[in-house]
Amino acid sequence: MDRRRFVGTLAGGLLAAPLANGAQPADRSYRIGFLGLTSASAYAPYLQAFLQGLRELGYEEGRNIVIEYRWADGRDERLAELAAQLVRLNPNVIVSHATGVRAAQQATSTIPIVMGVSADPVAMGLIKSLARPGGNTTGVASQMVDLASKRLELLMEIVPRLKEVAVLSHESSPGARKGLAETDAAARKLGVRVRPFWVGSEPTALESVFAAIVRERPAGVIVQPDPVMGRYSDRIAGLAVKGRLPAMGGLRQFADDGGLISYGGDFLEGWRISARYVDRILKGARPADLPVEQPTKFELVINLRTAKALGLTMPQSLLLRADEVIE
């Protein structure tokens, strides 16, 4: 069974077979605007997944699509101007996620916008509902925030006597406060105290934030998923190991970069699926008529090398449930 599949809970067959009956993109060139919240290097895996999805549908840069890239480098204050730049180019569709989608919406109400794995877009006010997004925006929604309590439970399997946990969040993350509230609510039921710690977009702040976390001596750290946090996941993972802290992340990248454990949706597949929305829109579909997809399959990844470095013995029951164990 493919554990990395995303299943659209609402879209059904609408997006499942966009090239049915041998259909191919029209012999013309389209312009796509791509607005990234961080940097090209940080987006590399997701961008490649998106481009792979386009290639599978018959689109290739330089042949029948032109992609205009704009990168905010973790500076949210740049998003409005970058979105305006893209709108002035009059692309056929703009692709972004989270606060990038909001910036694009503020810049245009007519150019279609595709969300590439945005957390809780209804709560953010980006769409009206998953089934009927309305307006000029549709795409893929993640359940990052909704998994906050599950991440705490998994961490408690590793540290059974967990009494206090640090929650590390990016201060500008749209879903951070909701995720923190959900973690805190679950922690109260389990008799665990939550200590919130916030970091901005400057990487130099990570060392001082972790120094503060270590001084508090929590039994573990939960790193809330966010593009900026993902950009520095290797540094966060390294600081957690240095501080002898078991750390749980919400993106697979965190475990790949040396974090102890991660649990969340398959973002690579989500970005690949977003290419289907681009295809449908380029073929004339209205974003308001394309239901938003959500992931129903999630990945549990454990880094045994990090467990050994921390002197931890991972529960066999947890290892058996893992989608991947990094040794």
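Predicted model: local features only at pLDDT ≥ 70, side-chain atom pairs only at ≥ 80, totals over all residues.
Me: How do the axes of H1 and H10 cross?
Reply: At roughly 40°, and the axes come within 7 Å. H1 is residues 40–56 and H10 is residues 267–282. Helices are DSSP runs (H or I, at least four residues), numbered from the N terminus. Axes are fitted to C-alpha atoms over the stretch in contact, with angles from 0 to 180 degrees between N-to-C directions.

Me: Which residues meet in H1 and H10?
Reply: In H1, Tyr43, Tyr46, Phe50 and Leu54 are among them. H10's include Phe267, Leu268, Trp271 and Val278. Contact is heavy atoms within 4.5 Å.

Me: What classes?
Reply: The contact has 11 nonpolar, three polar and two charged residues. Asp, Glu, Lys and Arg count as charged; Gly is polar.

Me: New topic. How much space is in the largest pocket?
Reply: About 190 Å³. Twelve residues line the pocket, and Tyr46, Arg252, Gln253, Asp256 and Leu268 are the closest to its centre. A pocket is an open set of 1 Å grid points fitting a 1.4 Å probe, with protein on both sides within 12 Å along at least five of seven lines; lining means an atom within 4 Å of a point. Volume is the space filled by probe spheres on the points.

Me: Which element gives the most to the lining?
Reply: H9, with three residues.

Key:
Residues numbered from 1 in each chain as written. Heavy atoms only, no water. Helix = DSSP H or I, 4+ residues; strand = E, 2+ residues; numbered from the N terminus.
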